[in-house]
Amino acid sequence: MFTFIMISILALLVGVGIYFVFFIKRFFSVFIKSKAVCYIVSVLMVASVGAGSFYLLRFGAVIILLHLFFVALLTQLIFFVLRKTLLKRRYIAENQKKNYFEVIYKLGVVPVAVTLAVAIIGHIIMVSVSQTHYTYETNKLAGGESIRVAMISDLHMGTTMNCNDLQKYMKEIEKTKPDAFFLVGDIVDESTTKEEMTEAFKIMGNVKTKDGVYYVYGNHDRNIYKNHTMFTDKELESAITDSGIKILTDDVVEFDDYIVVGRDDYSSTTEEYSRKPIYQLTEGVDKSKYIISLDHQPRDLPDVADADVDLHFSGHTHGGQVWPVGWISNILGVFEMTYGEKQIDNTHIVVSSGIASWGYSLRTQGKSEYVVVDIVGTK
């Protein structure tokens, strides 16, 4: 599946590059009569601008160019329809056709303007964090009793959020008065500095709760995708624990009314090490208590239900983050679940879109959020 996805992405990028040669050629055709010169200049521009943008903005540049590509295609389709209908009507003169439609179309004004607007709106959506609230009933608590928990995932500290912003949202979470606060992976990543990492965990560790703050690793936290890292695994662990945050790596924590099961991330699996299956973590626990499991990636969800978990939290997917990534992911089955809530047997599954983003400050699908869940007794 991974190989197929990478080949598909490569084929798409090649197609996009070819399209932009013709897109830019149309632009220069307004000013240059020689087709050969237009093509040469267009090829050079696509090569230089594409390479330069990718070098400066990395994956974010690819996303912006893909948006421009799709908007340009849509504009071309609209122009084709207009040219076959409206532009053929007698009351529009030939010179008007050229001035108002042909020139605007060739200059690419519309797709560039729309893409710029999408980028600005996408950034605003990304940095506008909101609360998502769920309520679930359980017969494991007496009527009138309740548990409130809060969670965040995918902060990717430093990409779109600084310490001042983080402090603001942690105060919002603290005001909800959660019994426990869960950090469900990818709180930091390969681009997070050691200073940002240390300060972020201090801020999150200061959130006041009844039962504490708990953390599980994501696939980015331990910098497994980069040889030269900003901080070591030991420095990361020390920053977390020194902030009063409990790390759960295939661990179980038991309270009066509920149990928290924290799993090591799937990315930790090697030839020498494999995380424990969820059923092994829940066997032997008091299943008359409400069981909450934390796992950064939404994997093996039917197994979670079979292990008698009542509420499961994941992140990782970013809710797609950029349209149509989430839509394509659902079609291809990249993730078992991309966003939101669903129920498998007696287990409620919640997958968060994350409080921030990875790689670039743009969101055109989903929202940035922190999650608060009320568990209400019915017994």
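Are Tyr-19 and Phe-69 buried or exposed? Both Tyr-19 and Phe-69 are buried, where buried means under 20% relative accessible area, exposed over 50% and partly exposed in between, with a 1.4 Å probe and protein chains only. This is a predicted model, in which local features need pLDDT of at least 70 and side-chain atom pairs count only at pLDDT 80 or more, while totals for chains, interfaces and linings use all residues. Residues are numbered from 1 along each chain as its sequence is written, and side-chain values use heavy atoms, with hydrogens and water left out.

**Aromatic pairs**
- Rings of Phe, Tyr and Trp (its six-membered ring) pair if their centres lie within 6.5 Å, and planes under 30 degrees apart count as stacked, over 60 as edge-to-face and the rest as tilted; by this rule there are 15 aromatic pairs.
- The ring centres of Tyr-19 and Phe-69 are 5.3 Å apart and the planes stand at 80°, so this pair is edge-to-face.
- That pair links distant parts of the chain, with Tyr-19 in helix α1 (residues 2-29) and Phe-69 in helix α3 (residues 59-84), 50 residues apart; helices (H or I, at least four residues) and strands (E, at least two) are DSSP runs, numbered from the N terminus.
- The rings of Phe-182 and Phe-313 have centres 6.0 Å apart and planes at 50°, so they are tilted.
- Phe-182 lies in strand β3 (residues 180-184) and Phe-313 in strand β9 (residues 311-314), 131 residues apart.

**Cluster**
- Tyr-19, Phe-20, Phe-23, Phe-69 and Phe-70 form one aromatic cluster.

**Charges over rings**
- A charge sits over a ring if NZ of Lys or CZ of Arg is within 6 Å of the ring centre and within 35 degrees of the ring normal; the charged end of Arg-222 sits over the ring of Tyr-217, 4.0 Å from its centre.
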